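Have the model open as you read.

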Amino acid sequence: MAASANGHLELVQLLIGRLPVDQADHYGMTALWRACQNGKSRVVKALLEEGGASLSVSDAKGRTPLQIAKDEGHRSCVTVIEVSSERGGCGRMAPAVSGCM
């Protein structure tokens, strides 16, 4: 999760498939959530497209990765999520997430 939060793309790519991509910490935050929180759009893209990360997992306060990216003003992460959704690379999203059904 620290690799995602800090934008270490190569390490994240190495760990995809070796660790559960949607493993949450005690606050409910996943690697994708932390990458969105910190504006690491390249990591967000890798987690969604290579790891199939879920955008419907929320933290202990009910915030999804998309919501935290918007709240923190990380437009690049929001764009990656939207583009991935449009291309059908939605990871495992709930239908309620914009653009993914």
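## Two helices side by side

Helices α4 and α6 run roughly parallel to each other, a label used for angles under 35 degrees. Their axes (lines fitted to C-alpha atoms over the stretch in contact, with angles from 0 to 180 degrees between N-to-C directions) come within 9 Å and cross at roughly 25 degrees, with α4 covering residues 41-49 and α6 residues 75-86. Helices here are DSSP runs (H or I, at least four residues) numbered from the N terminus.

On the α4 side, the contact (heavy atoms within 4.5 Å) uses Ser41, Val44, Lys45, Leu48 and Glu49, and α6 brings Ser76, Cys77, Val80, Ile81 and Ser84. By class that's 5 nonpolar, 3 polar and 2 charged residues.

## The largest pocket

The largest pocket has a volume of about 250 Å³. Its lining has 10 nonpolar, 2 polar and no charged residues, including Met1, Val12, Gln23 and Leu47. Both α1 (2-5) and α2 (9-15) supply at least two lining residues each.

## About the model

This is a predicted model, with local features needing pLDDT of at least 70 and side-chain atom pairs 80 or more, while totals for chains, interfaces and linings use all residues. Residues are numbered from 1 along each chain as its sequence is written, and side-chain values use heavy atoms, leaving out hydrogens and water.

Technical notes
Parallel < 35°, antiparallel > 145°, perpendicular 65-115°, else oblique. Nonpolar A, V, L, I, M, F, W, Y, C, P; charged D, E, K, R; others polar. 1 Å grid on protein atoms, 1.4 Å probe; cavity = no way out; pocket = protein on both sides within 12 Å on 5 of 7 lines; lining within 4 Å. Points joined across faces, edges and corners; volume = space filled by probe spheres on them.
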